[in-house]
Amino acid sequence: MPAGPDTVGDMTYAIEAEGLVKRYGDKPALDGVDLRAGTGAVLGVLGPNGAGKTTAVRILATLAAPDAGRALVGGYDVTRQAGKVRELIGLTGQYASVDEKLTGTQNLLLMGRLLGLSRPAARARAAELLARFGLEEAAGRAASGYSGGMRRRLDLAVSLVSRPRVLFLDEPTTGLDPHARGELWDAVRELTADGVTVLLTTQYLEEADQLADDLLVIDRGRVAAAGTPGELKALAGGHRLDVRPLRAADLEKAGTILGAKAVDGVVSVPVHDLSEPPAALRALDDAGIVLAEHALRLPSLDDVFLTLTGEHR
Amino acid sequence: MTTAISQGLTLAWRSLIPLRNSPGQLLGMLFQPVFMIVIFVYLFGGAAGGDRAGAVAYMLPGVLVQVALMSTITTGMNLAADIGNGVFDRFRTMPIARSAPLAGRVLADLLTLLITIVMSMIVGYAVGFRVTTDPLGALAGLGLVLLLAMALSWGSAWIGLVARSVTSMQGISTAVLLPLTFGSSAFVPATDMPGWLSWWMSVNPVSHLAGALRGLLTGGPHGSDVWITLGWTAAFLVLFVPLALRAYNRRVR
């Protein structure tokens, strides 16, 4: 077993995984996933529920061993050098994993003491993090009484006690209101400014668009696409034409004419040439379909998602 | 090794904080023996119409044993809760000794058990119970309760580690502990019982523990009870410690 990192002197990537496979029973949760995150970058992992995002995070955070493939975090192998990896990482899970019976301060002190800080050092670190996440007022109250946003901030603070170089955020804003979500985004931006590498899983395309330098779309355990947000948007084509038939009964017919599936009462198709929309609208008109509205717009990550996974978010 | 011990102690401290944060829990620990004594001495004892001092002398050791054994449920429940809500996973991603979370839990529960036993004795003294043997014998009796309860906490830990949820953990343990505690001579002597019940009461380790404690606190024959209780304690430890450790290692791998 090598004592140091496997890639000394070539630490371009803080997180690197190749061919990750994980089966639960005979059902593969991950079926050959490659991923990479550069030091100090934010890698966004997108995918519908059950796509394998959480499984990937659990492997990278040393909580589960892959059935095949390998992963390095900070250059250390997550299975063979799990102890080294644990010294580098922080994890904020999908379900806030703070001890609800403890106060904010006590949760932070617990982490500090476990990590070997002296009592005064642990107190100082706790105070610093409470201030940074605006939790000073709630510091003395049990976490069970915190709001969703406060709890998530405490969870993030707890995972930062060790000053991790690589941070895994597994759906950190699921269930938060827009204000709380924005606060968490700011916190993530501050961390990356300090050079922390972040792997973030999310179901929110806006979140990925806001935070991630690179994106990975996972669907049914496989990588459906990878690239920068801009590159992925380009995948969905240039402009898009959205049409909404007045009568719901016409929806299917409109879809057939335009060659796309209707989602939420709207048929959306990529536009390759600006002569296409008038032709498309004429074709619908000729078929006797009355439109409630039509619009030409630039693609969003939603479209990428739809194109890649066939699922609308 | 020393870091593993200090991490275990830190995690034990963590498990005891809730007692300090919410004194209501301590009050609950006091309430349970009071409740049991009121039921068995004043309610049932009153109906049976015996003398009250005699009833207290017979019942208190039984109540103490019952309260101590029921408190072992918390070991498994707290482990199941930590696993269910992600606290356990957080510990597993940290560079700490693998054994620390389990060691911390067991240590904290041992201390809680000690508090429970002391509280039951205080309640006993308040309603007129008196140790009529010597302090050393009394301490030995309480130590015996602590030992058997600790052995059973390992069983509780095992169930907590393999159970799918806190609720199922609670259900399983209650189903095991109720016949153990109530189907014993902790509260009623095993006379005038149907054959099968008196047979069960005579093999039930809780009967022997209650008998041993009664003898050590208030006198009377108890020699064989002490040895049988120690034998059961050893058997439970031999059975449950490896099972719990195996389940734990599976969880922390």
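Colleague: In β8(A), which residue is the bridge partner of Leu169(A)?

Modeller: Strands of a sheet pair through backbone hydrogen bonds, either parallel or antiparallel. Here, Leu200(A) in β8(A) is the bridge partner of Leu169(A). Strand β7(A) and strand β8 (197–202) of chain A pair in the parallel sense over 5 bridges. Two strands count as paired if DSSP finds at least two bridges between them; strands (E, at least two residues) and helices (H or I, at least four) are DSSP runs, numbered from the N terminus. By the way, this is a predicted model: local features need pLDDT of at least 70, side-chain atom pairs count only at pLDDT 80 or more, and totals for chains, interfaces and linings use all residues. Residues are numbered from 1 along each chain as its sequence is written, while chains are lettered from A and ligands numbered from 1 in the order in which they are written.

Colleague: What joins to β7(A) through 4 bridges?

Modeller: That's strand β6 (89–92) of chain A, running parallel to β7(A). Leu91(A) sits opposite Phe168(A) there.

Colleague: And are the faces of β7(A) covered or open?

Modeller: In a regular strand the side chains alternate between the two faces of the sheet. In β7(A), Val166(A), Phe168(A) and Asp170(A) are buried on one side, and Leu167(A) and Leu169(A) on the other. Buried means 20 or more other C-beta atoms within 10 Å of the residue's own, with C-beta atoms placed from the backbone.

Colleague: Where is the antiparallel pairing of β11?

Modeller: Strand β11 (240–245) of chain A pairs that way with β14(A), over 6 bridges. One partner pair is Pro245(A) with Leu291(A) in β14(A).

Key: Buried ≥ 20, exposed ≤ 12 C-beta atoms within 10 Å, placed from the backbone.
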